[in-house]
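Here are my notes for a first look at this model. Please read them beside the sequence and the 3D view.

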Amino acid sequence: MMNLTTSSNGSKESVQGVLLLGFIIIDFVFAAIIMMANSFLFITIYRDPCRCLRTPNVFLIANLSVADFFMGFVSFLRGIELTYSYHGWVELLIVNITQYFIGAVSILAAVSTLLAMSYDRYVAVIKPFEYPLKVTNTKAKIFIFAIWTSALVFSVLPVSDVRREKFLLVYCYSHFVIPSFLLTTIYVKIYKAISLQREELKNVRASLTAAGRRQQLERENRMVMAFIAILLIFYLSFLPYFINIQILYFCSCRTSYAYRVYHYVANEFLSVSSIVDPFMYAWRIPKFNRSLRMCFRRRNVISVLHTTSTLNQGKASTH
């Protein structure tokens, strides 16, 4: 990571110091929000109060949440590294390598999970009767294992003979440009299929079967729109970093002060999707909304019962 504090001008150093301090605060705040929000999501999925969170798409959402949680840890490590730079201390190489490795693995896992989520929705909408056979909990778990294995293997390449700069360039195109076109095509096809099926159902006479299918389509549409929003947020958060890598390779301005500032801004943007995702699940996906409410209601009821029993015990002891 570039050192933003080196300068020959005293006033310029103070401006850089203020900027660096701002990035440190942002990193620690982002880390706290990401890890707390995704921890609540883990607890909700584990408890599953509504008995509706043991499905393949929820396992994929949980996997994306794990990748987001690790991005929170990356923000925390980045905050530590910038704190060392701010105080002028010797850079901790192990912190830099660790955050780079975890960040690479997490983003690779996140992109692969987004691809898996698009396949899940594609089968659910285009081939609804084949969905229970093609997409199962076991297959989802196997795919999740394959995602993390491939991400770990791919992220080890820079540690071997592959230069880090070349890795980053290939990484951006293989896990940003290509998937963005692929995922856009898939979701456009899914949305068209939902619209077509809606039109077909308008011409069907009112029946229990037609009503059930309409409700199912509405649920699928809501889920698809949530996944599209998550996808857009992910790529908008990664876009500044992609531009950063292009400048690093193809622009002479990479040695300028403005680029050094932009480098840090691009790194901060990588955490944005990890912050937004848990709130997006709670807002756009009804079963997560219900489960979160139920989870917190139970906690509140247990807290009230505990308080009441403590008060009753206190009264009994006074008598």
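1. Disulfide. The count comes to one disulfide, a disulfide being a pair of cysteine sulfur atoms within 2.5 Å. The link joins C251 to C253, with S to S at 2.5 Å. The link is right-handed, with 125 degrees about the S-S bond.

2. Basis. This is a predicted model: local features need pLDDT of at least 70, side-chain atom pairs count only at pLDDT 80 or more, and totals for chains, interfaces and linings use all residues. Residues are numbered from 1 along each chain as its sequence is written, and side-chain values use heavy atoms, with hydrogens and water left out.

3. Buried means under 20% relative accessible area, exposed over 50%, and partly exposed in between (1.4 Å probe, protein chains only). C251 is partly exposed because its relative accessibility is 25%. C253 is partly exposed too, at 32%. C50 counts as partly exposed at 26%. The closest cysteine sulfur to that of C50 is in C52, 4.9 Å away, which is too far for a bond. C172 is buried, at 0%.

4. Aromatic pairs. Rings of Phe, Tyr and Trp (its six-membered ring) pair if their centres lie within 6.5 Å; planes under 30 degrees apart count as stacked, over 60 as edge-to-face and the rest as tilted. The whole structure holds 17 aromatic pairs. In F238 and Y241 the ring centres are 5.8 Å apart and the planes stand at 55 degrees, so the pair is tilted. Both F238 and Y241 are buried. They lie three residues apart in helix α7 (residues 208-250), so about one helical turn separates them. Helices (H or I, at least four residues) are DSSP runs, numbered from the N terminus. Ring pairs also build a cluster of Y171, Y173, F176, F234, Y235, F238, Y241 and F242.

5. Helix α9. P278 is among the buried residues of α9, which include I275 and Y281.

6. Threonine 44. T44 lies in helix α1 (residues 10-47). T44 is buried because its relative accessibility is 1%. Leaving aside neighbours within four places in sequence, T44 is in contact (heavy atoms within 4.5 Å) with P49, L53, S291, L292 and C295.

Terms used
Helix = DSSP H or I, 4+ residues; strand = E, 2+ residues; numbered from the N terminus.
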